[in-house]
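Subject: Structure handover

Hello,

Here is the structure for you to look through. Please open it first, then read my notes below.

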Amino acid sequence: MNERRLVIAGTGSGVGKTTLTIGIMAALQKKGYTVQGFKCGPDYIDPTYHTAVTGRISRNLDSWMFEHDTVREILNKAGTGADISIIEGVMGFFDGKSPLSNTGSTAEISIITQSPVLLVVNCASMARSAAAIVKGFQDFSTGPNIIGVIANQVGSAGHYKIVKSAIEQECNVPVLGYMKREMDIDIPSRHLGLIPAIERGELNPFFDKLAQLVMETIDIDQLYQLSKTNPVSSGNSNIFQHQNESDVCIAVAKDAAFNFYYQENLELLEAFGANIKYFSPLKGEEVPLDADGLYLGGGFPEEFAAELSGNMGAIKSIRTSIEKGMPTLAECGGFMFLSKSIETTSGETHQMAGIIPGRIKMQKKLAALGYREITGTPGNFLINEIEQAKGHEFHYSTFEADEDLTHAYQAKGRFGSKQEGCVLGNLVAGYTHFHFASNPTLAKNWINACLKRKNRSAHETIN
């Protein structure tokens, strides 16, 4: 594990955390440091940028979805071999699961991981008032260790000097630098088309430019020095320890249409003995012949609906695998792909795999967003009626079933509980993204279901 960590926190959403985080990562890379990225909370998009900049898979740290020792275990495991870990915050510093506590917030992650905090403040149209904001964040909670400030959206070097002098006098922390109001440094491809753009290297010039801007106005050497802290122990948490060899292969759909996976989900499957094989339905690739299980993750199938609809070979292999009883988990985008059709916001309808009797309709407003407490149902190979897990839901589409379906699980969120998804034989599908670190038994259950089917198939072949 490394002993240099830094949380990049914001006073609120939209203050420039992600742009600044990417720029700091890129600047550290240019100085020769190996950087490991992390993201507070359940977001998939920002870690993709971290991964592209650092060359190391970025991880989510979430103090609501899994135990605090597990947070530290993920931090230590992923940070091995890195010179410094950069942890991007979520929303405002103290914003989390509840307005009445720090649970699930960036502040709580900073405390759990004993990480120094660099606070990003939008200083547009203010001077001494910036110090009042920083002072408020310092005094609000005694746990976090705010060791410095970055002034964002400043109008000029002169404006910065005013803000810097006020904060340093009143708050007794250094202001490490600033970012000017430059409209041309907004992150491109924030949503759709992100993965292809990164794979083609189209964002590399943007990363280089951002690194240069950061190094011109932010003291990266001082930032690196202030990141020094103590190692943290993960206690008895050792969920990623290799359990056994199971000789099971799980096929994972991964391409521009399907790319939302928590890395820990895949690593927990591997810990229980699975061999992961990737394939691309978007490219027309079929389910690997030696696959015993199938994982269709989230993503943007609606943006590639026409291409997916035309890849009949891939659709047929997925349909056949599921119909033959292959234990399959389809989350959000995967769930949408397995429906009969997707109707886009422009009114076009594209036929999908047709396994789940229902239709998807895209809308321009958010349909669901938030954490979920998940309780399984009888007959669900992944999570039964006495097991619980945690996850997250985020989508712009709605699902209309053509007939009554057996729901996959009960999902409890901020506005109550609802029956969600569907179970069809060995298929578990729905909008919710599971995080297996909240209950590693799910990974074990999946492996066992694959082994049970594999052994049954072998017995039938012999007889």
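**What was found**

Ile250 stands opposite Gly293 in strand E11. That pair belongs to a predicted model, where local features need pLDDT of at least 70, side-chain atom pairs count only at pLDDT 80 or more, and totals for chains, interfaces and linings use all residues. Residues are numbered from 1 along each chain as its sequence is written, and side-chain values use heavy atoms, leaving out hydrogens and water.

Strands E8 (residues 248-253) and E11 (residues 293-296) pair in the parallel sense, over four bridges. Pairing here needs at least two bridges found by DSSP. Helices (H or I, at least four residues) and strands (E, at least two) are DSSP runs, numbered from the N terminus.

Both strands sit in an open sheet of six, ordered E10-E8-E11-E13-E23-E22, with mixed pairing. Its edge strands are E10 (274-279) and E22 (422-424), each pairing on one side only. From one strand to the next, the twist averages 15°. Angles run from 0 to 180 degrees between N-to-C directions, and axes are lines fitted to C-alpha atoms, for helices over the stretch in contact.

Helix H10 (residues 263-271) packs on the sheet and touches E8, E10 and E11. Contact means heavy atoms within 4.5 Å. The direction of H10 makes about 135° with that of E10.

Now another pair. The axes of helix H1 (residues 17-30) and helix H2 (residues 45-54) come within 9 Å and cross at roughly 15°. H1 is therefore roughly parallel to H2 (angles under 35 degrees count as such).

Best wishes

Methods
Angles under 35 degrees count as roughly parallel, over 145 as roughly antiparallel, 65 to 115 as roughly perpendicular and the rest as oblique.
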